[in-house]
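Reader: I am new to reading protein models, and I would like to go through one slowly. Could you take me through its features one at a time, giving the general idea before the case?

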Amino acid sequence: MSRGGGKPGAGPRALKTRVKKKRGLKSSSRRWLERHLNDPYVHRANAEGMRSRAAYKLAEIDDRHRILAPGMRVIDLGAAPGGWCQVAAARVRSDPENPSVVGIDYLEMDPVPGAAILKMDFLEDAAPARLLALLSGPPDVVLSDMAAPTTGHRRTDHLRTMHLCEVAADFAVGVLRPGGHFLAKTFQGGAETELLSMLKRNFQSVHHVKPPASRGESVELYLLAKGFKGKAGE
Ligand SMILES: C[S@@+](CC[C@H](N)C(=O)[O-])C[C@H]1O[C@@H](n2cnc3c(N)ncnc32)[C@H](O)[C@@H]1O
């Protein structure tokens with residue numbers, strides 16, 4: 001996938017396919033299916049061979065904030081089905097014979113050229129060491145798009161995903177190379193003051209980013225911490 005490229009979507013494609021009521025779907029499922037079928041990022045992902053529409057979130061964040069560069073080592077937490085691994089592997093020019101991108105997910109995923117994949121729960125004690133063992137040195141970038149499975153109870157979903165974000169941040173400050181970056185999915189609102197101040201102590205800059213590919217109506221947001229100060233900052 002090339003850098004740049006316009007935002008897909010606005011234009012004649014907008015909401016053309018309608019799912020008929022008589023298909024027996026609940027109205028929430030019908031709305032989801034309609035949105036999916038009419039989503040320009042889904043069409044683009046299919047056309048460009050990307051594993052997920054989420055791939056464009058990382059691509060757009062990187063286009064704007066320049067966190068990935070050739071030669072970097074990257075860890076991707078919550079990697080399935082592999083869109084972020086694809087973008088990261090392309091942008092750091094990872095060698096498929098000796099990948100500099102490592103992804104982890106407890107879900108099965110198809111191999112991604114240029115990425116080593118660990119099928120494991122990141123919350124397991126052994127996960128950090130297993131991830132590092134697959135890289136030839138400390139990572140330059142830690143990415144986390146981890147999201148807890150939704151329960152339908154908004155507050156519970158929020159707290160679980162925030163917990164994943166905090167564990168990912170602790171991991172990042174423990175392993176990143178000085179100057180490195182951390183990008184993680186979070187949610188708008190909620191108690192993240194402690195996490196933000198920890199990141200501000202450890203990184204040169206901390207931003208909230210909402211790439212165009214992240215749906216406007218979604219409370220999803222990304223935390224981007226750039227320029228890790230090194231262990232002394234802790
Ligand atoms: C939004 S998806 C990631 C999409 C991915 N960035 C892409 O572009 O294809 C979130 C992923 O986080 C994974 N996940 C959630 N909790 C996890 C955990 N504790 N350990 C490993 N993976 C986890 C889920 O299984 C899910 O595949």
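Author: Let us begin with how directions are compared: axes are lines fitted to C-alpha atoms, for helices over the stretch in contact, and angles run from 0 to 180 degrees between N-to-C directions. Helices (H or I, at least four residues) and strands (E, at least two) are DSSP runs, numbered from the N terminus. Residues are numbered from 1 along each chain as its sequence is written. This is a predicted model, in which local features need pLDDT of at least 70 and side-chain atom pairs count only at pLDDT 80 or more, while totals for chains, interfaces and linings use all residues.

Reader: At what angle do helix H3 and helix H4 pack?

Author: Helix H3 (residues 55-65) and helix H4 (residues 83-91) pack at about 35 degrees, and their axes are 7 Å apart. For the hand, a crossing is left-handed if the near helix is turned anticlockwise from the far one by less than a right angle, and right-handed if clockwise; the crossing of H3 and H4 is right-handed.

Reader: Which residues of H3 and H4 meet?

Author: Two residues are in contact if their C-beta atoms, placed from the backbone, lie within 7 Å. From H3 come Ala55, Leu58, Ala59 and Asp62, which meet Gly83, Trp84, Gln86, Val87 and Arg91 of H4. The residues of this contact between H3 and H4 divide into five nonpolar, two polar and two charged, where Ala, Val, Leu, Ile, Met, Phe, Trp, Tyr, Cys and Pro count as nonpolar, Asp, Glu, Lys and Arg as charged, and the others, Gly among them, as polar.

Reader: Now the sheet, please: in what order do the seven strands stand?

Author: Strands of a sheet pair through backbone hydrogen bonds, either parallel or antiparallel, and two strands count as a pair if DSSP finds at least two bridges between them. Here the open sheet of seven strands has the order E3-E2-E1-E4-E5-E7-E6, with mixed pairing. Strand E3 (115-119) and strand E6 (203-209) stand at the edges with a single partner strand each, so one side of each is left without a neighbour in the sheet. On average, and with direction ignored, neighbouring strands of this sheet are turned by 15 degrees against each other.

Reader: Which pairs are parallel, and how many bridges join E1 to E4?

Author: Strand E1 (residues 74-77) and E4 run parallel and are joined by four bridges, and Ile75 has Val142 in E4 as its bridge partner.

Reader: What about the antiparallel part, and how many bridges join E6 to E7?

Author: E6 and E7 run antiparallel and are joined by six bridges, with Ser205 facing its bridge partner Lys226 in E7. E5 and E7 also run antiparallel, joined by six bridges, and Phe187 stands opposite Glu220 in E7. Helix H7 (residues 193-202) lies across E6 and E7, and runs at about 140 degrees to E6.

Reader: Why is Arg66 called exposed?

Author: Arg66 is exposed because it has 12 other C-beta atoms within 10 Å. Its place is in the loop between H3 and E1, and its phi is near 50 degrees, a positive value in a residue other than glycine. Arg93, in the loop between H4 and E2, has phi near 55 degrees, which is also positive in a residue other than glycine, but Arg93 is partly exposed, with 13 other C-beta atoms within 10 Å.

Reader: Which peptide bond is cis?

Author: The bond from Ala80 to Pro81 is cis, with omega near 5 degrees, and Pro81 has its place in the loop between E1 and H4.

Key: Buried ≥ 20, exposed ≤ 12 C-beta atoms within 10 Å, placed from the backbone.
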